Amino acid sequence: MTPKKLGYHFPAEFAPHTATWLSWPHKEASWPGKIDTIFPVYAQFIKLVAEGEKVNINVADEKLKQFAVSHLEKVDADFKNIHFFFHPTNDAWCRDHGPAFLINPTEKKKMILDWGYNAWGGKYPPFDLDDVIPTLIAKNYNIPVAHPGIVMEGGSVEFNGKGTLLTTRACLLNPNRNPHLNQSQIEEYLINYYGVNHILWLGDGIIGDDTDGHIDDLTRFVNSDTVVTMVEESKGDENYEILQDNLKELKTLHLENGKPLNIVELPMPAPVVYEEQRLPASYANFYIANKYVVVPTFRDKNDDKALTILQSCFPDRKVIGLDSTDIIWGLGSFHCLSQQEPAV
């Protein structure tokens, strides 16, 4: 029996959370030459999220836990809501290697999906520790775990909580993930394991995104019928055509109830370049916590504009910008680093 047949589904991120899961950053190769610069902002992110829900952090051992505690103490985080789990990881990107929690609202139960994980098409080995994180957490919680048997990353899928899933062809149809599956076969997995009914496909991701086009840098649901989507205002920018094509395609799509999407446009920041590499800086990589929406900012003229637009999309939460200029050197931001555990 698939999770869907058992009455389970993956809730929208804006639904209530029990907790947020993180994997404390420790891999220097992910932030070459500047990993130390990310910890103050990362700790601030945890402090904000912990004001409204539990924060569960994967660490390798007591030494890394104490290192994390020292940074959290500096920002005066509330430790009542912060918990550590001795689950060693290869890297910090918990959105992609972390637990995908499903809920069964009728039976008030949870289960975890443990998709295969291959570090975005085998780009950054080793990834053996990351690949088993969901099952370790399921054992810790003593809840069921399902193994679909194919590669899938949390940053590649976006949900409206009413049966619609949004993703990209660039990522899910990339031969470095599941070369033996075609689009309709992948849709079957998405429907049966995430408990959705309706799949919407977009095209390419933004320049600099090493995940082959994750949706969470591109287009996000802010409620069950509204998306925010990134738009580049400068025609000379290499993201201009990609994001215009994305916008055009969004305007042709319909939700599970047949209605068109409400589309809110978000401006892109100016290119963020470090060591001659364009980084995937995008305001869409925000994280929706119970109390706040935490948005990456980039010391850019569009920061305030993006925050104002997003605040209008979340009347029930405060939108807070955190400087992600150093974190984005790791090629991801707050959404990539976190994975929600829904309440049931």
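Student: Is arginine 220 buried or exposed?
Tutor: Arginine 220 counts as buried, since its relative accessibility is 0%, where buried means under 20% relative accessible area, exposed over 50% and partly exposed in between, computed with a 1.4 Å probe on protein chains only. Before we go on, note that this is a predicted model, in which local features need pLDDT of at least 70 and side-chain atom pairs count only at pLDDT 80 or more, while totals for chains, interfaces and linings use all residues. Residues are numbered from 1 along each chain as its sequence is written, and side-chain values use heavy atoms, with hydrogens and water left out.

Student: OK, so what does arginine 220 form a salt bridge with?
Tutor: The partner is glutamate 158, with the closest N and O atoms 3.0 Å apart; a salt bridge here is a side-chain nitrogen of Lys or Arg within 4 Å of a carboxyl oxygen of Asp or Glu. Because arginine 220 lies in strand β10 (residues 219–223) and glutamate 158 in strand β7, the pair ties together parts that are 62 residues apart in sequence. Helices (H or I, at least four residues) and strands (E, at least two) are DSSP runs, numbered from the N terminus. Glutamate 158 is buried as well, with a relative accessible area of 3%.

Student: Which residues are linked with Arg220 in a network of salt bridges?
Tutor: The network links Arg220 with Glu13, Arg95 and Glu158. Within it, glutamate 13 forms a salt bridge with arginine 95, their closest N and O atoms being 3.6 Å apart. Glutamate 13 lies in the segment before β1 and arginine 95 in helix α3 (residues 94–97), so this pair ties together parts 82 residues apart in sequence. Glutamate 13 is buried at 7% relative accessibility, and arginine 95 is buried with a relative accessible area of 3%.

Student: How many salt bridges does a search of the whole structure find?
Tutor: The search finds 18. One of them joins the side chains of arginine 177 and glutamate 153, at 2.8 Å from N to O. Arginine 177 lies in the loop between α7 (169–172) and α8, and glutamate 153 in the loop between β6 (145–146) and β7, so the pair ties together parts that are 24 residues apart in sequence. Arginine 177 is buried with a relative accessible area of 6%, and glutamate 153 counts as buried at 2%.

Student: Switching to sheets, in what order do the 4 strands of the open sheet run?
Tutor: The order is β3-β2-β1-β18, with mixed pairing, and two strands pair if DSSP finds at least two bridges between them. β3 (82–86) and β18 (338–342) stand at the edges with a single partner strand each, so one side of each is left without a neighbour in the sheet. From one strand to the next, the twist averages 25 degrees; axes are lines fitted to C-alpha atoms, for helices over the stretch in contact, and angles run from 0 to 180 degrees between N-to-C directions. Strands β1 (residues 17–23) and β2 (residues 54–59) pair in the parallel sense over 5 bridges, and the bridge partner of alanine 19 in β2 is lysine 54.

Student: Which strands does helix α1 lie across?
Tutor: Helix α1 (residues 39–50) lies across β1, β2, β3 and β18, running at about 165 degrees to β1, whereas helix α2 (residues 62–74) lies across β2 and β3 at about 160 degrees to β3.

Student: And at what angle do the axes of α1 and α2 cross?
Tutor: They cross at roughly 80 degrees and come within 9 Å. The two helices are therefore roughly perpendicular to each other, given that angles under 35 degrees count as roughly parallel, over 145 as roughly antiparallel, 65 to 115 as roughly perpendicular and the rest as oblique. Phe39, Ala43 and Ile46 in α1 meet Phe67, His71 and Leu72 in α2, with contact taken as heavy atoms within 4.5 Å.

Student: Last one: which strands form the open sheet of 3 strands?
Tutor: That sheet has the order β7-β8-β9, and its pairing is mixed. The edge strands, each pairing on one side only, are β7 (158–159) and β9 (198–202). Strand β8 (residues 164–168) runs parallel to β9 and is joined to it by 5 bridges, and helix α8 (residues 183–194) lies across β7, β8 and β9 at about 130 degrees to β9.
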